[in-house]
Amino acid sequence: MPNQVQSLPAFGAGRHLLSVQQFDRDLLQKLFDLADLVRPIAERRSVCTVLDGAVLGSLFFEPSTRTRLSFESAFLRLGGEVTTTTGFTFSSMAKGESIADTSRVVSGYSDVLVVRHPDEGSVAEFAAASIVPVINAGDGAGEHPSQALLDFYTLSSELAKRGRQVDGATVAIVGDLKYGRTVHSLMKLLSLAENLTFRLFSPASLELPAKVAEFARSHGHKVIGCASVFDALTGSDCVYATRVQRERMTEEALNSANISGNLLNRAILERAGATETIIMHPLPRDSRMDSFDLAADVDDLPGLSIFRQTDNGVLIRMAIFLIALGCSPDTVRATTEQRPWDATLRWP
Ligand code: NCD
């Protein structure tokens with residue numbers, strides 16, 4: 001029997017949010033407008049109860065800090081309540097329970113599920129057995145749609161500050177392009193824009209899957225492989241750096257990948273004349289020695305946008321819940337009031 005939830009439209013054809021490919025430009029704009037609408041709530045200037053009585057089931061079977069906490073914070077800021085389980089050890093999956101059984105059970109306790117799991121395609125399995133909408137918070141090396149949405153939103157607002165738009169932009173994407181699911185989702189989502197140039201650099205063993213490059217090309221974008229990060233920076237409006245996804249690699253593959261030092265640092269940006277470039281990263285940044293990641297010596301550069309990305313993650317995830325649970329902008333306005341308690345506001 002077809003899953004009833006699947007047939008209720010919210011994200012393109014389905015109620016679940018599994019892939020960025022469910023988005024067209026209109027839905028993207030609708031989500032970004034909702035994110036703008038809830039900004040005062042995320043910034044604690046007002047309080048919203050639109051999700052009063054709703055329960056989020058937050059299931060994270062892989063490590064997470066910002067994705068889990070920002071999804072949970074987003075739900076709480078909209079007046080809902082959160083139940084959560086992390087890792088396999090503390091769930092019945094450790095007793096051999098299937099994804100289908102776990103999903104059916106937990107969806108009976110919740111109004112929406114957010115799921116992260118190490119296997120590609122696994123979140124779609126959760127969705128197939130769930131009686132409520134399921135949101136993919138990362139399925140192995142597959143996709144990470146909410147991250148791509150907040151990345152697109154951030155890139156668009158950073159470019160807007162410079163009087164530019166995403167259409168026509170040149171975006172350098174560097175690091176682990178093979179296992180970095182945020183890159184796969186972002187390149188597919190950015191493909192909704194027009195006339196982009198992607199300048200890619202990765203170590204030889206961590207190249208972008210051909211199907212992702214093909215996807216961008218088939219949407220009319222240029223995808224250029226570069227010999228170094230320095231080369232990738234040439235003419236780029238933004239550089240999106242990523243961490244080596246060590247947890248998805250064998251010891252042997254890691255040793256032969258020939259990665260050490262910094263992927264991107266201040267000296268490289270200075271040499272490329274790119275100190276004003278927008279710098280993005282999905283985080284976490286691997287700050288250990290020789291981690292081949294973004295160095296901390298870029299942190300006072302004006303284009304550093306990594307913490308604006310994490311802040312925007314709350315707004316975007318609030319907007320995702322509003323769409324998943326069918327809340328209109330008017331219902332949000334009708335359930336939002338001035339904050340009656342005192343907060344120390346640190347938002348920029
Ligand atoms: C990313 C992920 O989990 O894919 N983190 C995140 O959700 N912001 C990136 C990473 O782990 O490197």
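Predicted model: local features only at pLDDT ≥ 70, side-chain atom pairs only at ≥ 80, totals over all residues.
Colleague: Good to know. Which residues does serine 236 touch, then?

Modeller: Leaving out residues up to four places away in sequence, serine 236 touches Thr170, Val171, Ala172, Arg199 and Thr277. You will find serine 236 in the loop between helix H9 (229-233) and strand S9 (238-241).

Colleague: Why is serine 236 called buried?

Modeller: Its relative accessible area is 10%, and buried means under 20%. Serine 236 therefore counts as buried.

Colleague: And what makes asparagine 262 partly exposed?

Modeller: Asparagine 262 has 41% relative accessibility. Exposed would need over 50%, and buried would need under 20%, so asparagine 262 falls in between and is partly exposed. Asparagine 262 sits in the loop between helix H10 (251-256) and helix H11 (266-271). Not counting residues up to four places away in sequence, asparagine 262 touches Phe292, Asp293 and Ala295.

Colleague: Let's turn to the rings. How many aromatic pairs does a search of the whole structure find?

Modeller: The search finds six.

Colleague: Why is the pair of phenylalanine 32 and tyrosine 153 called edge-to-face?

Modeller: Take the distance, then the angle. The ring centres of phenylalanine 32 and tyrosine 153 are 5.2 Å apart, and rings pair if their centres lie within 6.5 Å. The planes stand at 70°, and over 60 degrees counts as edge-to-face, so that is the name for this pair.

Colleague: What does the pair tie together?

Modeller: Phenylalanine 32 belongs to helix H2 (residues 25-42) and tyrosine 153 to helix H6 (residues 145-161), so the pair ties together parts that are 121 residues apart in sequence. Both phenylalanine 32 and tyrosine 153 are buried. Phe32 and Tyr153 also form one aromatic cluster with Phe152.

Colleague: How do you know that phenylalanine 75 and phenylalanine 321 form an aromatic pair, and of which kind?

Modeller: Centre to centre they are 4.9 Å apart, against a limit of 6.5 Å. With 85° between the planes and a cut-off of over 60 for edge-to-face, the pair is therefore edge-to-face. Phenylalanine 75 is in helix H3 (residues 66-77) and phenylalanine 321 in helix H12 (residues 306-324), so this pair ties together parts 246 residues apart in sequence. Phenylalanine 75 is buried, at 0% relative accessibility, and phenylalanine 321 is buried with a relative accessible area of 0%.

Colleague: What else does phenylalanine 321 touch?

Modeller: Not counting residues up to four places away in sequence, its contacts include Leu51, Leu56, Phe71, Val112 and Ile135. Phe321 is also one of three residues, with Met187 and Phe198, that touch the most other members of the largest nonpolar core, a set of 70 residues. The largest share of this core, ten residues, comes from H12.

Colleague: What makes you say that the charged end of arginine 317 sits over the ring of phenylalanine 71?

Modeller: The charged end of arginine 317 is 4.8 Å from the ring centre, and the limit is 6 Å, with a further condition of within 35 degrees of the ring normal. Arginine 271 likewise lies over the face of phenylalanine 230, at 4.6 Å from the ring centre.

Colleague: How do you know that the buried residues of H8 line one face of the helix?

Modeller: In helix H8 (residues 210-218), Val212, Ala213, Phe215 and Ala216 are buried. Seen down the axis, the buried residues fall within an arc of 155°, so they line one face. On the other side of H8, Ala210, Lys211 and Ser218 are exposed. Helix H7 (181-190), strand S7 (197-201) and strand S8 (222-225) are among the elements covering the buried residues.

Colleague: Last one: why is cysteine 327 in no disulfide?

Modeller: A disulfide needs two cysteine sulfur atoms within 2.5 Å. For cysteine 327 the nearest cysteine sulfur, that of cysteine 48, is 8.2 Å away, so cysteine 327 is in no disulfide. For cysteine 226, the nearest cysteine sulfur belongs to cysteine 238 and is 14 Å away. The structure holds zero disulfides.

Technical notes: Residues numbered from 1 in each chain as written. Heavy atoms only, no water. Phe/Tyr/Trp six-rings, centres within 6.5 Å; stacked < 30°, edge-to-face > 60°. Helix = DSSP H or I, 4+ residues; strand = E, 2+ residues; numbered from the N terminus. Buried < 20%, exposed > 50% of the residue type's maximum accessible area, 1.4 Å probe, protein only. Arc of directions from axis to C-beta. Contact = heavy atoms within 4.5 Å. Core = buried A, V, L, I, M, F, W, Y, C linked by side-chain atoms within 4.5 Å.
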